[in-house]
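Here is a short briefing on a structure, arranged by topic. Please read it beside the sequence and the model.

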Amino acid sequence: MSKSYSKSGSLRGFERVAVEVKSKFGAEFRRFSLCRYKPGKFDEFYNLILHTHNISNMDVLIGYADVHGDLLPINNNDNFCKAISMANPLLRIFVQRKEEVDYDLFGTDSLTRKKKPLGGLRTDTLRKRVHLTISIPQDFRPVSSIIDVDILPETHRRVRLYKHGCEKPLGFYIRDGTSVRVTAHGLEKVPGIFISRLVPGGLAESTGLLAVNDEVLEVNGIEVMGKTLDQVTDMMIANSHNLIITVKPVNQRNNVIRSSRMSGSSGHSNDSTTSHHSLSSTHMMQNYNPEDESDEEADIIIEGTDDPQSIPFKLLSSSFTTSRTNIGNLSQRLQKELAFNDSIRENKGNILKTLTAIKAEARHSLALSRGGIEEDGTVITL
Amino acid sequence: MKRFRRHGNELHRERIKQDLFQFNKTVEHGFPHQPSALAYSPVLQLMAIGSRSGAFKIYGAPEVEIMGLHEENAAVTQIHFLPEQGQLVTLLDDNSLHLWKLKKSLDGLSILKEESHFDLRGQPGAPPSVTTITVVLPHSSGDVIFLGTEGGCVFVVEQPSFREQEERTITQEAVLQNVPDDYRSRRSLGSVEALQENPRNPHQILVGYSRGLVILWDLQANQATHHFLGDQQLESVAWQRDGRQIISSHSDGSFYQWPVSNDRLPQPLEKSVPYGPYPCKAIPKIIWLATKQRTPFIIFKGGMPRASYGDRHCVSVLHGSKQIAFDFTSRVIDFFVVDEGGSESDCDDPSALLVLAEEELVAIDLKTPSWPVIQSPYLIPLHCSAITCSHHVSNIPIKLWERIIAAGSKQITHYSSKPWPIDGGYSTAPEPLQRDLLLTGHEDGTIRFWDASGVCLKPLYKLSTVNVFVTDADHNDNLNQSSEDEWPPLRKVGCFDPYSDDPRLGIQKIHLCKYSSYLAVAGTAGQVLVMELNDEAVDQAVPCTLVDILQDQDTFKWKGHERLNPHEDLVHFPAGFQPFALVQCQPPAVVTSLALHSEWKLVTFGTSHGFGLYDYQQKRTVMVRCTLHPSDQLALEGPLSRVKSIKKSLRQSFRRIRGTRASGRKRPVHGDGAAKVQEANARMDREALNEMELAPVQRRIEARSADDSFTGFVRSLYFADSFVRDGSYHEPSLWAGTNGGTVFAYAIHVPPVERRMEEPVTAAQAKEIQLMHRAPVVGIFILDGRGVLLPEPLEAAHDLSKSPDMHGNHMLLVVSEEQFKIFTLPKVSTKTKLKLTALEGSRVRKVSVANFNSSRADDYSENGLLVLTNLGDVQVISLPTLRNQVRYECIRKEDVSGIASCVFTKSGQGFYLISPSEFERFSVSSKWVVEPRCVIDIDEGLGTRTSQQRIPQDGPVTKPNSGEMVQSQQKYGLNRQASIGSEGDGKKTVEIMEHALLNDERVLLEIQSTLESESASADRLSFGHLNRNSKNVAGVQSQGQRMMNGD
């Protein structure tokens, strides 16, 4: 039911040739439209923005809100085209003066979390901030995050690794081991799965969220207790595009302290690893979108290629993101995005469907926060 | 409110599931792995075979099989039927004796139950050899069992209480009293090697000692009466039927005949070395059988000339001047003779010799002058050449069935016409109601057709693909023909032949179309043969078409084996399946998938490099697609690079095996360095093992990439008539799935029949799907608008299935190792999916669509995906909703070859290899269960010997029906009223069923009715019309219901 609804909805949006643009600079709004199929170049767009806002003497950064509510920058042709193609139906543009930019705002959920992403409210504080000169990421997606801090025990950490769009290997190894559990009969030794090695330069290592000898408790919401090393390996690889591992870190001193308990808890970590701490907290996200999960589930489907030579096999078999950037032909790309987005919608429905099939306990342990499910609340109430 | 209702639905669903699914491991087909003991009961006409795993099985008439399993995991070294009927005593290699009893279970079927067990205990402090049992002799009185030991004593234990009668123990001291001094002084007597009761006088038993002495012991006087002073190491002794002579065999290959008269120290009458004069090997067992014609049979094992034939496994039969050494390809375990002389008669009158070798059981007809082999109805060595693949075809039309049987019967001309000599007990299992074929492909290039309908896996026909190709084996034929006056007079018997002439001949994939009788087989060296069933022998050339899978990409170098060379000229093909087209893939890599569409006359095949489509009507290649990834070096190099890892793992597993063997050896060799060396070896192995286990096993977590090896490996091929390009127009299509998670779809244009030979078949790519998770695609299916799998080619045309719904939206089901995904057609987008690996960590190994009938409601059935995972679980997943229905543990997850060999049937059953020689049959359906249901009548008086009901001519053996039939049907919850049959119902039923099977039209009707599962159940009961004899209606109906399940 959700499928047919969202499908037709998205299709309706795509049928329109014009893209509505709502551009905001400070407190000023400008509205105009662009042709979906001939959006032109980024430079032209940049000049258009400056012109419409009458700020032609300023250096600005242009950002837009994507379908997930993320504030993403527009600074080249590629992400400009992406922004246009994803506009559904409205494209929300945010213009900032370069010197006033809060880089932290770029990234996942920045817009959904704070209803007012930019604005005068925080400008004073922002100005005072020591500004790190980090270039704006070409690839907008986050690579890792700590999630569900509010529902997990403090000793555990749920880490999400976003493999998609990232050329880095996941880069870690797991092994069998024994861990100690508190049971009704006292302490008991039970077999467990542990991280045995991090590949230098791999995704796992670069996040700093996983360490050797961390015990793996869950993989994408499914407990690994009673599963063999091979099974867990297969589960992780099967989820590798969007891997959520719940670990019990071997080093318990870096645990995220929840604000609610901050006062009462004695173990406030204030040791030498604070830098690491702050690093990880920037990654800290409370929610994630099931829609994101289905992103990478989109299989590449090529329909009706009577002339199979037109698409070289090599291109197809290389990862989705690379093929996306490699193909210059815009119309072809758009067509693909169309199919891509379409399947996203469908997948969303499926995931929720499968979710209902899972028993209630499993649902709780599954890393889906309330927010994520409410988005499709029309379909299912848990 | 809503929740409550759903709960009710779930309960209802659970109930339906119970009616549909039930897991049973029912029967093992084939030959027991590592047999170690053999016994025979002439009274019950039953044979028992024990194996090293601690299991033993009783066999009687075909389909009569009863298994007993010792709790101890020790090899069964001896089995003896006790003279009281229905009891057996087994000796395990842990020196324990076990008493088993044949009992009736609640539903009237015979089962084996262990009654008690016994360990022989010696004096405290005595060495264990004193009580190590070497020989077991159950006394004919049924009161006692004599146990000969390694220490040289004979212990007497009461039976069934297993109480030792110490006062009757025959000690060496007592034996030596009357032995002449010069003989006695030489040495101790050695272990007890033989115990034999005088067939004419139950109070006399022969005791043979390993150092050569044989004594006759009088049980009443409790002393030795005769001493036979042998001067050779003794192996065995046997009585002549009249009790006047004995025969002893020795370790030097000789046998002696001794008189039993008043002379207490007799001299041998005759001494002979049958295969002398050069040194010969020992004769471990000898028997002597009298005939009416006075010329006795002497049958012995071994005794071959040590130097030139010492490695042969022979059983020799001497009858007057006639002598033949039956030469087996595997070690002979034991043998026995079935005789026709009653217990009161003067002569044995042997009719058949049964030899149990390590890999097969061979029966030799001794009544027919040429001593031919009797074809066995069971215990067939499936592994006569190693099984490389299997293929199951359900519900074979009677026409094809008969033609296969006819082709097979022409192959078995050299067998004896005598019926199988062992026929104890009878089966109450209902006649199979459809004909199922199991095809096994073998390493030597043969395909065997088995009747897999019932409890016995019967061989029907053997097809060889060898003669198509030029092989080294061709000129070896004349070597096997032994000339008349050769000595020793060896004759090869049995079919176990583990050596393949050329591994390239191995069969990898089989596809049989049961309606058109076309068969496609593909092999290790990229050969694909298309065959047709012909009832006449022909001489024909097989045209060969080379297909370049790489399509001229000359940067690649194939480093694997070369292709097989076909014969250019005419080849003789006997009646049966005859090849008429040969497709040779280039490079000649193993064919990894195969499909045949008999309606379109197309065959498709895939290797690790790509796939091709071949039109066997026009004998023309239609299309080739290379799936190779340019960076995939492994696939290019051929199988060589993979061998390394296999070798390594083999070495490891051998190590493991050696380790366990060393610890659990049979009779430990005492003293000497040999034992020490072995011990040291075992210790080293253990250490090596420990080391391996200590090294941390770690697994790399990495997303699969397009650059992984073997991504181009074609895993599945599928033909379907569906909506590939257009939602309004369906057309033939070919689907191919690779190891890298890519699915290719081709639309095929097949010209209409009248222009089929002129117009070319063309194929154009219509779709390509790259699964994001990149897991290997193990199955592709298309479901019609109702969610039902599209029928097999010609199935709908023959009106045997409902024609598919060609209006609704078709669905594409892609099964990868990790996920099940249903896509819409013609526009491919995901509809439903089940992520198995992400949820459970298991991967799909085998998948097939099966129809599950309800055991309760006749007209209710569901289609489901039958899935075997890498953990050995069998799961059923509903279609098209993709919900997990049930899961059963089926195969141990370590048993990789078992999992790899698994094959499913369309009715929810399956087979897998539990050993190289045995298929285990299992069923996930609660409706279709094929299991042995047999009864062995054990009467207190010996009055009704089942053998007296033996029917001389071939054909089904009919047995009287007692109440068991009724009870068995009740167990299945069948119509109780229908089964109140009078005596003799079962017998008639069998006859009628047999008739029905031969009656073509009726059977077709019947098949049709089973296939049309949705039609009214009332019509189906018209099965009763088949029988002309109104008094049998009840019996037949109840059988019919077993098949179709009337309410």
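Helices (H or I, at least four residues) and strands (E, at least two) are DSSP runs, numbered from the N terminus. This is a predicted model: local features need pLDDT of at least 70, side-chain atom pairs count only at pLDDT 80 or more, and totals for chains, interfaces and linings use all residues. Residues are numbered from 1 along each chain as its sequence is written, chains are lettered from A and ligands numbered from 1 in the order in which they are written, and side-chain values use heavy atoms, with hydrogens and water left out.

**Chain B overall**

- Chain B holds 16 helices and 62 strands.
- Of its 1047 residues, 56% count as buried. Buried means under 20% relative accessible area, exposed means over 50%, and partly exposed lies in between (1.4 Å probe, protein chains only).
- Among contacts in chain B with a separation of 6 or more, 60% come from residues 24 or more positions apart. A contact means heavy atoms within 4.5 Å.

**Helix α2 of chain A**

- Helix α2(A) runs over residues 42-53, which is 12 residues. At 1.5 Å a residue it should span 16 Å, and its end C-alpha atoms are 17 Å apart, which agrees. The expected span is 1.5 Å times one less than the number of residues.
- Which residues of α2(A) are buried? They are A:Phe42, A:Phe45, A:Tyr46, A:Ile49, A:Leu50 and A:His53.
- These residues cover an arc of only 135° around the axis, so they sit on the same side of α2(A). The arc is that of the directions from the helix axis to the C-beta atoms.
- A:Asp43 and A:His51 are exposed on the other side of α2(A).
- The cover over the buried residues of α2(A) includes strands β1 (18-25), β2 (28-35), β3 (60-65), β4 (71-74) and β5 (90-97) of chain A, together with helix α3 (77-86).
- Just after α2(A), A:Asn54 takes a positive phi of about 60°.

**Other sites in chain A**

- A:Cys81 lies in helix α3 of chain A. A:Cys81 is buried, with a relative accessible area of 13%.
- A:Cys81 and A:Leu48 are 33 residues apart in sequence, and their C-alpha atoms are 15 Å apart in space.
- Helix α7(A), residues 229-238, is mostly covered: nine of its 10 residues are buried. Among them are A:Leu229, A:Asp234, A:Met235, A:Met236 and A:Ile237.

**Backbone features**

- Most residues other than glycine have a negative phi, and most peptide bonds are trans.
- A:Asn213 has a positive phi, near 75°. A:Asn213 sits in the loop between α6 (203-207) and β10 (215-219) of chain A, and at 34% relative accessibility counts as partly exposed.
- B:Leu882 also has a positive phi, about 55°, although it is not a glycine. The loop between β57 (873-878) and β58 (884-889) of chain B holds B:Leu882. Is B:Leu882 buried or exposed? At 3% relative accessibility, B:Leu882 counts as buried.
- The peptide bond from B:Gln586 to B:Pro587 is cis, with omega near 0°. B:Pro587 falls in the loop between β41 (576-586) and β42 (593-597) of chain B.
- The bond from B:Leu825 to B:Pro826 is cis, with omega near 0°. B:Pro826 falls in the loop between β53 (819-824) and β54 (830-835) of chain B.

**B:Pro397**

- B:Pro397 is in the loop between β29 (387-393) and α5 (398-409) of chain B. B:Pro397 is buried, at 14% relative accessible area.
- Leaving aside neighbours within four places in sequence, B:Pro397 is in contact with B:Arg435, B:Lys514 and B:Tyr515.
- B:Tyr515 is 118 residues from B:Pro397 along the chain, yet their C-alpha atoms are separated by 7.2 Å.

**Cavities**

- The whole structure has 16 cavities of 30 Å³ or more. On a 1 Å grid over the protein atoms alone, a cavity is a set of points where a 1.4 Å probe fits but cannot get out, and lining residues have an atom within 4 Å of a point.
- The second largest cavity has a volume of about 280 Å³. Grid points are joined across faces, edges and corners, and a volume is the space filled by probe spheres set on the points.
- The second largest cavity is lined by 21 residues. B:Pro430, B:Pro432, B:Ser453, B:Val929 and B:Val930 lie nearest its centre.
- That lining divides into nine nonpolar, four polar and eight charged residues. Ala, Val, Leu, Ile, Met, Phe, Trp, Tyr, Cys and Pro count as nonpolar, Asp, Glu, Lys and Arg as charged, and the others, Gly among them, as polar.

Notes:
On a 1 Å grid over the protein atoms alone, a cavity is a set of points where a 1.4 Å probe fits but cannot get out, and a pocket is an open set with protein on both sides within 12 Å along at least five of seven lines; lining residues have an atom within 4 Å of a point.
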